[in-house]
Amino acid sequence: MTQAQPVALWQQLQAVAHALVLVRKGTSGTAALDAVALALRPGVQALLFHVLRQLGRAQALRDQLVSRTPAPLADALLCSALALAWDEAVAPYDPHTLVNQTVEAAKKNRNTQGQANFLNACLRRFLRERDALVLASDGAVADTHGNAVKPEVSKHGLVAKWNHPLWWIELLQRDYPDQWQSILETNNQAAPMAVRVNVQRTSREALLAQWEKVGLTATPVGDYGLVLDKARAVHDIPGFADGLWSVQDPAAQCAAPLLVNGLNNIRVLDACAAPGGKTAHLLELLEPGSQVIALDIDAKRCERIDQNLQRLGLKAETVVADAAQPKTWWDGQLFDAILLDAPCSASGIVRRHPDVRWLRRASDIAQLASIQKNLLKTLWPLLRPGGRMLYVTCSVFREEGELQVKTFVEHNTDCTLHPCLGHLRPQNSQTPAALVDNLAGDHDGFYYALLEKRLPA
């Protein structure tokens, strides 16, 4: 059996540049990586995620090096190299190696070989003048010795410093005047691998013992979660094929318990359910006799719900339909509980999806808030008096969370807002203690509101 040949760095950089071009055109990082050859994908994903987490800085450095933005693929190669090389403390390769391999990647593609000398000149200059160029990318002015004359960071420099679009930074500054920097800093860290134990099939203690036998270690988090010491492919971890656990962030694991703890023999709607992580958790917590309807507008994503449930040994009624159009799918029978995991900006999960910050536009927030408002208004009548609705978004923006629910409660006199988690800000082990105020551990950013429909007087 012949061993697979190691993948050259220039090949990976070519694939990273192609993926970055797609993301800049509006393709999700997941879809862009799906187009990468399987042999290249693990290395390319690691490099692409690094690039996306440093893209603001890279683009600011690019602007210092060129008077006009290069063609898309050449620019993607240039920005990828700058993102990977500018900070030697976290650079995955020696900067000189990255420069050499980037030029090689350009030479070996006929679409970029004409820019190979140009890229080489830009990157060699970057290596020579790194400190002064970094200062300039902050918006500061440097003297002939490379010292900052004007050390304060400009608005343009904020994008370079925090690697998020300016509108995103300014929105966080408004919503979290005391914590916006910590949120952005956390966003730029890679998230650990967290899983949820399927309590229908095993216990957390039993799973930990099974993993210990093969040298895997993990830390308990919340009531059902484990955080692995090191991320691994799911099929390399015992128990996945047997449905003993699922990948799910600790913050997302809060949804099902908040909605159904203490309830049984109930009819539950999981609106906007795909890919089915929260659906599965609902079924794991409910005893037989309850009915869960998992609804999603995307047929392919509904297939993923069924696949995930089958692996876990669970069953729900999966419906392909638009939650905002009940006339097309609702049978008229009221629900005891509704989980509304509404479409949102995904601003709370950029640790895991670093492309999101570059895909979103400022105008998206108002559009998404309008969709959320309509879903709340449309699904509320489907809840029986005395029933519960859990409104969830994986967003930290208040317009998609606290302000959305405040307006809804003000306009619905039969609605009671129960004490709940509210806005969970993303945090990790390095997060300042000032942020650790409403959920322990390493987790993404979410918003939770538990609403109850009051019984008639």
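Trainee: In which loop is the place of C272?

Mentor: This is a predicted model, in which local features need pLDDT of at least 70 and side-chain atom pairs count only at pLDDT 80 or more, while totals for chains, interfaces and linings use all residues. Residues are numbered from 1 along each chain as its sequence is written, and side-chain values use heavy atoms, with hydrogens and water left out. Helices (H or I, at least four residues) and strands (E, at least two) are DSSP runs, numbered from the N terminus. In these terms, C272 has its place in the loop between β5 and α14.

Trainee: What is the phi of C272, and is this residue buried or exposed?

Mentor: C272 is not a glycine, yet its phi is positive, about 55°. Buried means under 20% relative accessible area, exposed over 50%, and partly exposed in between, with a 1.4 Å probe and protein chains only. The relative accessible area of C272 is 18%, so C272 is buried.

Trainee: Which peptide bond is cis, and what is its omega?

Mentor: The loop between β5 and α14 (277–285) also contains P275. A cis peptide bond joins A274 and P275, with an omega of about 5°.

Trainee: Where is A346, and what is its phi?

Mentor: A346 belongs to the loop between β8 and α16 (356–359). A346 is buried because its relative accessibility is 9%. Although A346 is a residue other than glycine, its phi is positive, near 60°.

Trainee: In which sense do β8 and β9 pair, and over how many bridges?

Mentor: Strands of a sheet pair through backbone hydrogen bonds, either parallel or antiparallel. L340 stands opposite Y391 in β9. Strand β8, residues 335–341, pairs with β9 in the parallel sense, over 6 bridges.

Trainee: How many aromatic pairs does the structure hold?

Mentor: Rings of Phe, Tyr and Trp (its six-membered ring) pair if their centres lie within 6.5 Å; planes under 30 degrees apart count as stacked, over 60 as edge-to-face and the rest as tilted. One of the pairs is that of W167 and W168, which is tilted, with 5.6 Å centre to centre and 50° between the planes. The number of aromatic pairs is 9.

Trainee: Why is the pair of W167 and F397 tilted?

Mentor: W167 lies in helix α10 (residues 166–175) and F397 in the loop between β9 (383–393) and α18 (402–411), 230 residues apart. W167, W168 and F397 form one aromatic cluster. The ring centres of W167 and F397 are 6.2 Å apart, and the pair is tilted because the planes are at 50°.

Trainee: How far from the ring centre of F335 is the charged end of R267?

Mentor: A charge sits over a ring if NZ of Lys or CZ of Arg is within 6 Å of the ring centre and within 35 degrees of the ring normal. K161 lies over the face of W162, at 5.1 Å from the ring centre. For R267, whose charged end sits over the ring of F335, the distance is 4.4 Å.

Trainee: How many disulfides does the structure hold?

Mentor: A disulfide is a pair of cysteine sulfur atoms within 2.5 Å. The sulfur of C79 is 10 Å from the closest cysteine sulfur, in C122, and therefore too far for a bond. C394 is in no disulfide, and its nearest cysteine sulfur, that of C344, is 3.5 Å away. The number of disulfides is 0.

Note on methods. Pairing = 2+ DSSP bridges.
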